[in-house]
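Please open the model in your viewer and keep the selection panel at hand. The stops below are given in the order in which they may be selected.

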Amino acid sequence: MAEKIIYIILIVFAALAILYLLFGLVCFIFIRVFTRKIKKNSKAVNLLLVQRTDIMKEIVGIAKSNNILLPSDDVENIALLNNISDFQTLTKEDRDQRILSFMHSSRNLITLCSRNTLIKDSKEFLNALSKYKDIEESYRQISALYNSDVIGFNYWINVIFIRPFMKISKVKNKDLIV
């Protein structure tokens, strides 16, 4: 009788161990999937940030070639995204500050140029503005995908049974982008 109870307890523990291993395997698969998606979308975000900066430099150049006086703060904020090959290397605060300053200044400069009679109807400005709007739309879509993948990644590395292994492996939560 005691042997049967021990045998049943061993079977229950073995079943629980197998379930735990299967659950852990599922978690690790999801973590790996989200890691790949984050890397792919991170590259796309980096590319779009460079393109946004280049288009805004083009718009600033168009304005300056037409002798339009631009606020120096806004022109400086456009340069905040220069020479950043990977936005993930920046701290979240620095990255968010740079991107938000860039977005605010780019809107200011585009509004200023759109109201200026010298260039608002010029083909060069309208083409640059059209490219900028396309890139902005792409950035919004890619950053939304990136953020949803980060949320998924952070969820799976924080599952209660997996969290100790993630801490040992020094896997940390990833930050959302603006």
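In this tour, buried stands for a relative accessible area under 20%, exposed for over 50%, and partly exposed for what lies in between, as found with a 1.4 Å probe and with protein chains only. The model is a predicted one, in which local features need pLDDT of at least 70 and side-chain atom pairs count only at pLDDT 80 or more, while totals for chains, interfaces and linings use all residues. Residues are numbered from 1 along each chain as its sequence is written, and side-chain values use heavy atoms, with hydrogens and water left out.

**Two positive phi angles**

Select N67, which sits in the loop between α1 (2–65) and α2 (72–78); helices here are DSSP runs of H or I with at least four residues, strands are runs of E with at least two, and both are numbered from the N terminus. The phi angle of N67 is near 60°, a positive value in a residue other than glycine. Most residues other than glycine have a negative phi. With a relative accessible area of 71%, N67 is exposed.

Next select K170, in the segment after α5 (163–168). K170 too is a residue other than glycine with a positive phi, near 60°, and K170 is exposed, at a relative accessible area of 69%.

**Along helix α1**

Select R32, R36, K39, K43 and K174 together, and a positive surface patch comes into view. Such a patch is made of residues with over 30% relative accessible area and no salt bridge, where like charges are joined within 9 Å and nonpolar side chains (Val, Leu, Ile, Met, Phe, Trp, Tyr) within 5 Å; Lys and Arg count as positive and Asp and Glu as negative, with His and the chain ends not counted. Within this group, R36 lies in helix α1 and is exposed, with a relative accessible area of 52%.

Now move to N41, also found in helix α1. Is N41 buried or exposed? N41 counts as buried, at 6% relative accessibility. Leaving aside residues up to four places away in sequence, N41 touches I142, L145, Y146 and D149, where contact means heavy atoms within 4.5 Å.

**Salt bridges**

A salt bridge is taken here as a side-chain nitrogen of Lys or Arg within 4 Å of a carboxyl oxygen of Asp or Glu, and by this rule the count comes to five. Select E136 and R52, whose side chains meet in a salt bridge at 2.5 Å, N to O. E136 lies in helix α4 (residues 123–157) and R52 in helix α1, so the pair ties together parts that are 84 residues apart in sequence. Both E136 and R52 are buried.

D96 and K92 form another salt bridge, with the closest N and O atoms 2.7 Å apart. Both residues lie in helix α3, four residues apart, or about one turn of the helix. D96 counts as buried at 13% relative accessibility, whereas K92 is partly exposed at 27%.

**A buried arginine**

For the last stop, select R95 in helix α3 (residues 92–115).

Notes: Accessible areas come from the Shrake-Rupley method with a 1.4 Å probe; for residues, only the protein chains shown count as cover. The place of a charge is taken as NZ of Lys, CZ of Arg, CG of Asp or CD of Glu.
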